[in-house]
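Morning, everyone. Let me put the structure up, and then we'll go through it piece by piece.

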Amino acid sequence: MTMTARLTAPGWYRAALSVLAGALFAFGLVVLVRALYGYEPLVDGEAITTVALISMGVAFLLGIGCFDYWFRWASGAPTVPDDHSGHGARSWRDYFRVNTDHKVIGIQYIVTTFVFFVLGGLMAMLIRAELAAPGTQFVDPNTYNGLFSVHASLMIFLFIIPVFAGIANYVIPLMIGAPDMAFPRLNALSFWMLPVAGVMMTASFLAPGGAFATGWTAYAPLSTEMPVGQTFFTIAVQFAGASSIATALNFLVTIITMRAPGLTFFRMPLLVWANFTTSLLVVIATPFIAGSQFLVLFDRALGTHFFNPGGGGDVVMYQHIFWFYSHPAVYIMMLPGFGIVSEVISANARKPVFGYRMMAFSLVAIVILGFTVWAHHMFVSGMFSWLRVPMMITTMLIAVPTGIKIFSWLATLWRGVIHLTTPMLFALGFITMFTLGGISGIVLAILPVVIHVSDTYFVVAHIHYVLFGGSVFTIFAGLYFWFPKMTGRMYDETLGKIHFWLSFVFFNLTFGPMHFVGIDGMPRRVADYADQFASLNAIISVSSFLFGLSFLIFLYNMVTSWRNGPRAAANPWRAHTLEWQVSSPPPLFNFDDIPTVVGGPYEYGVPGAVHGVFKDREKEPVPAGTSGVAHE
Amino acid sequence: MLALATLASIVGVAIVYAIDWFPTQASTTSNDVDVLYDVLLFVSIPIFVGVMTVVVYSVMRFRARPGDMGDGEPIHGSARLELIWVIVPFVIVSVLSVYAWIVLDEQEEPRANEMVVRVTGQQFAWHFAYPDASGKTVRTDDLVLPEHRPVKFDITAEDVIHSFWVPAFRMKMDAVPGLTTSFRVTPNRQGNYSIVCTELCGLGHATMRQSLKVVPESEFAAWLEKKRGAGAANVSAGPSTTSTGVRSQ
């Protein structure tokens, strides 16, 4: 290809050129506007950076090719045929292009989010290195505040939320018997917004004055007064949030309109239910965090006074808007995991999920209750005090639907035929650790106790029990479970088990002791602490390093198994749901003939029961596809 | 299995009760909080241990033998069991909520003979002011409280949000620019206790630690009198800005 062709065709060359143009546009616009107003100096670094973060982000999406089809169509130009015929991935290079195949996008999501997981994890290692002893060890307080802020933001916005979207992207269309998502081009755009957000957050370390250092919560008025690094957060959140909303809309439409014949709502696998309810949460709640960050951005860049008490602003209002998203976000980060665990446990215990309908209803109950508890993050914020008791009660009530789920999984194990595979170990580890995280959640709802422990290490312990022992364990369970489907290869079971046991042990040694230091008086988000907490912090730090190392086993297992693992059968877990009835990896269009669903998804032990039937097939599901799948 | 779960729960509760969770108690309501926490442990440890027991027991008892490709019993649910595990947690959380509400009301009840202390958070130090009936105010960077005298802290901030936490009192409240927040305590034990800022407030957040002193009433009166005399100029000068502020304890 000639250079001109490269620079005009969608791809990385055009993206680089486009980003450059975006930067120049920002510079020009700011200088022009400041000249028109007669402001001095004409060149204002912070203003240019603010505009550039928006324009360069959008320019990247334009350059890489997210909008080409739409622009051509809108302008009446001949569109490039964009059906799936050309869109599987034939080499690793295809994963670096705009691609509309949900299976490719799913893997793009998962790999990208794991890159940010590693980055966030390395920041956690630096945090623990600094906290290994009182005083200043490695980083100055400003860098430290930046580290924990970027760590949390990457883990939440660039790992847990989107990796679930990635797993669902791959699995949901297959599970419901659909050839793809409802809006494949929107799906691609959703994915490509993520690296923009992640790079922006990470790059904030290069900003003058350092990375954003106000935590992932970015409370005003601290966030409206901090150096320009803060702007990287407020704008990155817009990209991540827009990605999240677009994906959620896509899931909702896909699940509502594209289910296979016979797949009624109450025959859907619980992972589909989980992503349906999660998507509802995302669509309703995410605009609130977008709003909160826009208001911060306006206070910073446009001189508004939303959160400036001196100008009639209201500081506590920020927290209300922020938590109206960010509490439901906790469920956005957990419900898909609930779905994964239901799939893994029923297939590995060879039993129907106990109380399937209550499992589905409890997801809906969590969605509704999830919107009534936001102010439990604000018990000591100085908000109007009568609101505290009602919020305590609603928070406690969420324990009921959550309890239904825990007890139903336990009942699913009962009298099963349990296969302790790696995904099953992670699912069981999840149940126990999430119960502990749920219990510390109850402690954090009880007003007199939470007044004492809020903003301490007890909260840090709790959040890691629900987000690591909870969400991340389910992510590992899901990745091991669907690894054979996604790659057509089997992972190494022994390494998987070692990974589980090391994670489980060092997870507890890292986050368990944080409960003690928190109640005893150590606040969170501090680069230094009183000497009385030194010994426990040393233990926590050492455990956290070993915990971090255990991840390398996972990484090694995934990489080597993907390259050289033994070929996977179509259905290594002998599961009933539809994605296992096609080859591993699935054919380009998922189903060469669309299945008809005739029963529930988990009819293990019912003689002759099947979930879906394929009209062209005999009894045994025959893998259809191009990849020469070995059959056990 | 029930016996196993009970035994494990007893051991679990014994272990967590052996842990010394909280810092010193220095106010009349500290003990209520600690007792409430103990009750929470007593309720929740058996739940956690119960879940663990079912998981471990099931894995041992129902684990597939090598080569067993069979399925489990197709049990789809049990309305009775499901009703039980809706109702029992509902009752538990309801009772705990009522109990917590009672403790909260007790903590926040206004008391006779209350002394008001104004607390102002600033990056990165706390300032205190003792208004008295005559309208004069004593401003200081040291917090001294008389033992057994109810005190109400009126809290605000000058710049960003801070949070005023006295672990020994089990009380905390954000200091918010533009708002006055408050909490009440009655110190009941002499000594030095730490004040910790728990809301991220910028670069020096980690070092925003001070200490307060609880002293006998007479000693407090003498201290206040001395401050009033010494700080005659300070009375009208507003919060001291010359303070070195950042102190480690």
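What is the strand order of the open sheet of five strands in chain B? It is β3-β2-β1-β5-β8, with mixed pairing.

Housekeeping before I go on. This is a predicted model: local features need pLDDT of at least 70, side-chain atom pairs count only at pLDDT 80 or more, and totals for chains, interfaces and linings use all residues. Residues are numbered from 1 along each chain as its sequence is written, chains are lettered from A and ligands numbered from 1 in the order in which they are written, and side-chain values use heavy atoms, with hydrogens and water left out.

Some terms. Helices (H or I, at least four residues) and strands (E, at least two) are DSSP runs, numbered from the N terminus. Two strands pair if DSSP finds at least two bridges between them.

In chain B, β3 (137-140) and β8 (181-185) are the edge strands, each pairing on one side only. On average, neighbouring strands are turned by 25° against each other, direction ignored. Angles run from 0 to 180 degrees between N-to-C directions, and axes are lines fitted to C-alpha atoms, for helices over the stretch in contact.

Helix α4 of chain B, residues 217-230, packs on this sheet. α4 touches β1, β2 (125-131) and β3 of chain B, and its direction makes about 90° with that of β3(B). Contact means heavy atoms within 4.5 Å.

Now one strand pair. β1 (residues 115-122) and β5 (residues 151-157) of chain B run parallel, joined by seven bridges. B:Val116 stands opposite B:Lys152 in β5(B).

Next, the interface. 90 residues of chain A contact 74 residues of chain B. The two chains bury about 7,100 Å² between them, 72% of it on carbon and sulfur atoms. Buried area is the accessible area (1.4 Å probe) that two parts lose on being put together, summed over both. On the chain A side, A:Phe354, A:Pro448 and A:His452 lose the most area to chain B, together 9% of what that side buries.

One helix pair spans the chains. α15 (residues 399-413) of chain A packs against α2 (residues 30-61) of chain B at about 20°, with axes 9 Å apart. So α15(A) and α2(B) are roughly parallel (angles under 35 degrees; over 145 is roughly antiparallel, 65 to 115 roughly perpendicular, the rest oblique). From α15(A), the residues are A:Ile406, A:Leu410 and A:Leu413; they meet B:Val51, B:Val54, B:Val55 and B:Ser58 in α2(B). By class, that contact has six nonpolar, one polar and no charged residues. Nonpolar covers Ala, Val, Leu, Ile, Met, Phe, Trp, Tyr, Cys and Pro; charged covers Asp, Glu, Lys and Arg; the others, Gly among them, are polar.

Most residues other than glycine have a negative phi, and most peptide bonds are trans. A cis bond joins A:Ala220 and A:Pro221, with omega about 5°. A:Pro585 sits in the loop between α20 (534-564) and β1 (596-597) of chain A. A:Asn590 is found in the loop between α20 and β1 of chain A, and its phi is positive, near 70°.
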